[in-house]
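Student: I would like to learn how to read a model like this one. Could we take one feature at a time?

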Amino acid sequence: MLTLFFISLFLILVLSALLFKFAISDGDFTLLSRRHVKREEIEDKVVWITGASRGIGEILAKQLASLGAKLILSARNETELERVRKQLTGKYAPEQVKILPLDLTSGEVTLKEAVEKAESFFPGVGVDYMIHNAAYERPKITALDVTEESLKATFNVNVFGTICLTRLLTPFMLRRGRGHFVVMSSAAGKTPAPGQAVYSASKYALNGYFHSLRSEEWKEWEGGNLKEIAIESLLCQKGIKVTVVCPGPIETSNGSGATTSGTKVSSEKRVSAERCVELTVIAASHGLKEVWISYQGGEPPARQPNC
Ligand SMILES: NC(=O)c1ccc[n+]([C@@H]2O[C@H](COP(=O)([O-])OP(=O)(O)OC[C@H]3O[C@@H](n4cnc5c(N)ncnc54)[C@H](OP(=O)(O)O)[C@@H]3O)[C@@H](O)[C@H]2O)c1
């Protein structure tokens, strides 16, 4: 009888501890179980970050520089990229950090040039990690009020530019037999986000593309001759990795101390940009396929109406 009592007490304590851990956690359990960055997966690696001129991208640059990565920073605003570069410290920073101004909406020819430049920056080594962090996000607006211009602007940056860059860079990675795409998606790419329908749609599109990419077929033609027998394998079998990161609300600073998403400040509990980046780098270094970053006690996902 006494044994049964102690077993029950033990189970209740374990359950309470788990519930407490869940209540205060800021990421999914698989992610949180990987406590530390695998530094050897980051140090000396070439990491290309888009959207590095502010917000989460700027913090990514800081943390990755201090972990000893060789960085390539992209965004449209070259002055801001220089400002970020000057602040970096690490094995290769700031001196060897490369600035590659880039507009994701500039079309395939320009993006191809950017990929070739990025591949040539560090002699003998190409891009190991491509962090797709840049995004276009408008203040909240109802789905029916979204203009065609805004719809196109969102998809041109978040989807078409990002996919185009991926398609152009992947062949270089395949030739080397390794390459890792880290995609800053969003919780809005997994659950409905009223007021952000277009942004949400763009992130759903990214999730679909990148989860498919991993298992796309790759055909190698023996002797480079298309008539010869092809060896088919999946991109993941050829060393291509994908980590999709789905953050909920993140507290970022735009340099003036205000949140970049200042128009939608609410009571929701936000994870700091530093913590979001720390977890992102842990996820990437452990090769996790998809991770969630958000306080469980934050704003609940939008309820689906009964109609
Ligand atoms: N903040 C959040 O609460 C939150 C939550 C979930 C997911 N996310 C995701 O996390 C990522 C970073 O968010 P953030 O809040 O740090 O964003 P942010 O502060 O708005 O920064 C966006 C970045 O994208 C760049 N960018 C915008 N348009 C571009 C274009 N046409 N070509 C190239 N670069 C362009 C911007 O630089 P330029 O203007 O210089 O080009 C800037 O560096 C985004 O993918 C976002 O969707 C953020």
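Student: Which residues does His286 touch, not counting residues up to four places away in sequence?

Tutor: First the ground rules. This is a predicted model, where local features need pLDDT of at least 70, side-chain atom pairs count only at pLDDT 80 or more, and totals for chains, interfaces and linings use all residues. Residues are numbered from 1 along each chain as its sequence is written. Two residues are in contact if their C-beta atoms, placed from the backbone, lie within 7 Å. With residues up to four places away in sequence left out, His286 touches Arg34 and Lys38. The C-alpha atoms of His286 and Arg39 are separated by 9.9 Å, and these two residues are 247 apart along the chain.

Student: Where is His286 found?

Tutor: Elements come from DSSP runs: helices are H or I with at least four residues, strands are E with at least two, and both are numbered from the N terminus. His286 sits in the loop between helix H8 (273-285) and strand S11 (290-293).

Student: Why does His286 count as partly exposed?

Tutor: Count C-beta atoms, placed from the backbone, within 10 Å of the residue's own: 20 or more others make it buried, 12 or fewer exposed, and anything in between partly exposed. His286 has 17 others within 10 Å, so it is partly exposed.

Student: Is Val244 buried or exposed?

Tutor: Val244 is buried, because 25 other C-beta atoms lie within 10 Å. It belongs to strand S8 (residues 240-247). Beyond four places in sequence, Val244 touches Val183, Ser185, Asn207, Phe210, His211, Lys289 and Glu290. The C-alpha atoms of Val244 and Phe181, 63 residues apart along the chain, are 8.2 Å from each other.

Student: Where is the place of Leu213, and what is it in contact with?

Tutor: Leu213 lies in helix H7 (residues 197-213). Neighbours within four places aside, its contacts are Leu235 and Val242. Leu213 and Val242 are 29 residues apart along the chain, with their C-alpha atoms separated by 8.1 Å. Leu213 has 19 C-beta neighbours inside 10 Å, so it counts as partly exposed.

Student: Now helix pairs. At what angle do the axes of H3 and H8 cross?

Tutor: Axes are lines fitted to C-alpha atoms, for helices over the stretch in contact, and angles run from 0 to 180 degrees between N-to-C directions. The H3 and H8 axes cross at roughly 60° and come within 9 Å. Angles under 35 degrees count as roughly parallel, over 145 as roughly antiparallel, 65 to 115 as roughly perpendicular, and the rest as oblique. H3 and H8 are therefore oblique to each other. For handedness, a crossing is left-handed if the near helix is turned anticlockwise from the far one by less than a right angle, and right-handed if clockwise. The crossing of H3 and H8 is right-handed.

Student: Which residues make the contact of H3 with H8?

Tutor: H3 supplies Gly55, Ile56, Ile59, Leu60, Gln63 and Leu64, while H8 supplies Ala273, Glu274, Cys276, Val277, Glu278 and Val281. Sort residues by class: Ala, Val, Leu, Ile, Met, Phe, Trp, Tyr, Cys and Pro are nonpolar, Asp, Glu, Lys and Arg are charged, and the others, Gly among them, are polar. That contact has 8 nonpolar, 2 polar and 2 charged residues.

Student: How do H6 and H7 pack?

Tutor: Their axes are 9 Å apart, at an angle of about 15°. That makes H6 roughly parallel to H7. H6 passes H7 in a right-handed crossing. The contact residues divide into 9 nonpolar, 5 polar and 1 charged.

Student: At what angle do H5 and H6 pack?

Tutor: Helix H5 (residues 108-120) and helix H6 (residues 148-176) pack at about 40°, with axes 9 Å apart. H5 and H6 are therefore oblique to each other. Glu108, Leu111, Lys112, Val115 and Glu119 in H5 meet Cys164, Leu165, Leu168, Leu169 and Phe172 in H6. By class, these are 7 nonpolar, no polar and 3 charged.

Student: How many residues surround the ligand, and which are the closest?

Tutor: A residue is near a molecule if its C-beta atom, placed from the backbone, lies within 6 Å of it. Here 29 residues surround the ligand, and the closest are Gly51, Gly55, Arg76, Asn77 and Ala135. Helix H3 (residues 55-66) gives the most to this shell, with 3 residues. The shell divides into 12 nonpolar, 12 polar and 5 charged residues.
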